[in-house]
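Hi everyone, thanks for making time.

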Amino acid sequence: MSTEQDNIRIYIMGKAYEVPGGLTIMKAMEYAGYRLVRGVGCRGGFCGACATVFRRAGDYKLYADLACQATAEDEMYIAQIPSVPAERAPWELSELAPEDNPILALYPEVARCVACNTCTRACPQELEVMDYIQAALRGDIPQVAELSFDCVQCGLCAMRCPAEIVHYHVGQLGRRIYGAYRAPESGHLAARVEELRSGAFDQELDKLERMSKDDLVELYRKRDVEG
Amino acid sequence: MNSILYYPGCGVADQACSMEAAARGALAALGWEMEEMSRWNCCGTVYSLATDDLMRHVGPARVLARAQDAGHERLLTLCSMCYNTLKRAERFLTEDRDRLERVNAFLDDEPDYTGGVRVVHLLELVRDEIGYEAVEEAVQRPLAGLKVSPYYGCTLTRPRSAGIDDPENPRVLEDLLMALGAEPVSSPQGVECCGAYLTATSPEIARRRAADISRAAAAGGAELMVTSCPLCQYNLDTRQKEARGASGRGVPSLYFTQLLALAVGADPAMDEQVIDPRPVLAARGLAVEVKA
Amino acid sequence: MAEQLRLAKAVLSAQFARRVEELSGQSPYRCYQCGKCSAGCPFADSMDMLPNQVLRLVQLGDEKVLETGAPWSCASCLACEVRCPRGVDIAKVMEAVRLLALRKGESPVTLGSVPAERLPQIAVVGVSRKMTP
């Protein structure tokens, strides 16, 4: 059993490498000598660029995760999916009526969902992907928005789906419709926008615009910081 | 209050929500409540007929596993198509242990389904458990001899192994209508398919069927038809209007749950329909409003 | 029927009949062509070939049945199954013929051509299950 300091063996696209234990898959690949120009981004589990699939020795299951988040393990077989082919259906938010459920019209393949749950298993964010697709099928836009909220659009779900659905596009459409037409209106936002329009902040903004760069820097340094 | 686990299905959850709303009100008046499954997925709509296909039974299997895990032996549906698919899938899976094991192995994110969940259609519940006598007693607004043609469609009675009644001469809708004070008008087209999903690829087939079905109903003197499936309802409403065009008024159609609700004094959850049933109802002193 | 059926050895393939039999779980040879299925089928007049004719072609192992339009006008309503005096589930045979075409990647329908925004989901899901690979 290797400790964190011991080296482990991993296979990157079929080739074996010895790397220190305890590294993320991404760091392990870079340690092995790969210079990543695709399939890498924020390195913080947020951008979804480093979609990775892997297998563990003796385990038939296919796992999926973000390379910057998952820890490399001994005898792991790794491959990356830096780009997922997926056409986004053309839609104009302003042309979608608030009561519409255009999801099925724009992405009719949603009707092919067999509820196999492979998408959910592939999701590195542990989202209930199948559930939001099912919600999309039955026109429950708020649930699509809620369940898909933390999606980083890594594309692993779309790659594995036997019905060839592109889940993250469906989720995005659901969230857009929800945000534009279904979410309860924020009174504070409306009030603030009104204030801005009526000129309540004009004087202050004017003053700032006329300040010199040095004065602005000074003002910034002296600002009130909470906590 | 009796309670039963309830599976809505995609159609009822969305555009056919009036079918459910009416059912809730009607069942409340009869001392029953429907407890919706907390998480459910599409049953797949159509039952897969191939011997080697397991994947299309995964959806129904998941529903059944969850129903069983929730501790329920029965699962209620309103939509006949969901009823048919879930019922037949249940049998398909449990009649062969190998199949059941394979599907359970695949559904390793759900507790195993071991068989035994009985899928029940609301019409069965009314006939076999609530009883027509209890329904009659609950009637507050008898349907005043309204002539109604029961439209069964396919999925309620076929195949015989899954059907709730005889496929050639079913009685379950007729009996319910009589208990409500309506006059059932059986039609020779009452069990003939409306076209179902062919409405999507060949709407002219659905139009022809809707025209034939509604004409047969009218020929028997019916003023109204009742359905038990959102797809039948869509075909008999929208496609019938398209078939008749500007010339004919057409025979309007309602969900059986809506007439049931109306008769027992609950809200029939009237919705905007292409062929408006309200004049027919109003003519019998059963005026109803469409909720805004 | 205008076309003459050529029963050449090259055309008849017992393999095909057996494949349909496997997939449908129905023995096509039980059918004695009484025609009750065709008489009762609500969609027969939209079909280029009657249900009993489809079954006949299956019996003869003729793969030409994969090119007919009949199986795609079938709604799996089971009127045929309920009435067949030999207990043949013709709907299952129709499904097997559809699947053999679909599994070759042939589909008469592209989901994008279905006007999904105006139809109940049931219809769209049904079409995707029955008519797309």
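Predicted model: local features only at pLDDT ≥ 70, side-chain atom pairs only at ≥ 80, totals over all residues.

Residues are numbered from 1 along each chain as its sequence is written, chains are lettered from A and ligands numbered from 1 in the order in which they are written, and side-chain values use heavy atoms, with hydrogens and water left out.

Okay, chain C. It has six helices and zero strands; helices here are DSSP runs of H or I, at least four residues, strands are runs of E, at least two, and both are numbered from the N terminus. The C-alpha trace spans about 45 × 30 × 30 Å along its principal axes. Of the 133 residues, 56% count as buried, and buried means under 20% relative accessible area, exposed over 50%, partly exposed in between, with a 1.4 Å probe and protein chains only.

Now, how many residues of chain C are in contact with chain B? It's 40, against 39 residues of chain B, where contact means heavy atoms within 4.5 Å. Together the two chains bury about 3300 Å², 62% of it on carbon and sulfur atoms; that's the accessible area, 1.4 Å probe, that two parts lose on being put together, summed over both. On the chain C side, Val82(C), Ile122(C) and Arg129(C) lose the most area, together 20% of what that side buries.

There are three salt bridges between these chains, each being a side-chain nitrogen of Lys or Arg within 4 Å of a carboxyl oxygen of Asp or Glu. In one salt bridge, Arg83(C) pairs with Glu168(B), with the closest N and O atoms 2.8 Å apart. Helices H1, H4, H5 and H6 of chain C each supply at least two residues to the side touching chain B, and H6(C) gives the largest share, nine residues.

Last stop: salt bridges inside a chain. Arg66(B) and Glu110(B) meet at 2.8 Å, N to O. Arg66(B) lies in helix H3 of chain B and Glu110(B) in the loop between helix H5 and strand S4, so the pair ties together parts 44 residues apart in sequence. Both residues are buried.

In chain C, Glu95(C) and Arg98(C) form a salt bridge at 2.7 Å. Both lie in helix H5 of chain C, three residues apart, about one turn of the helix.
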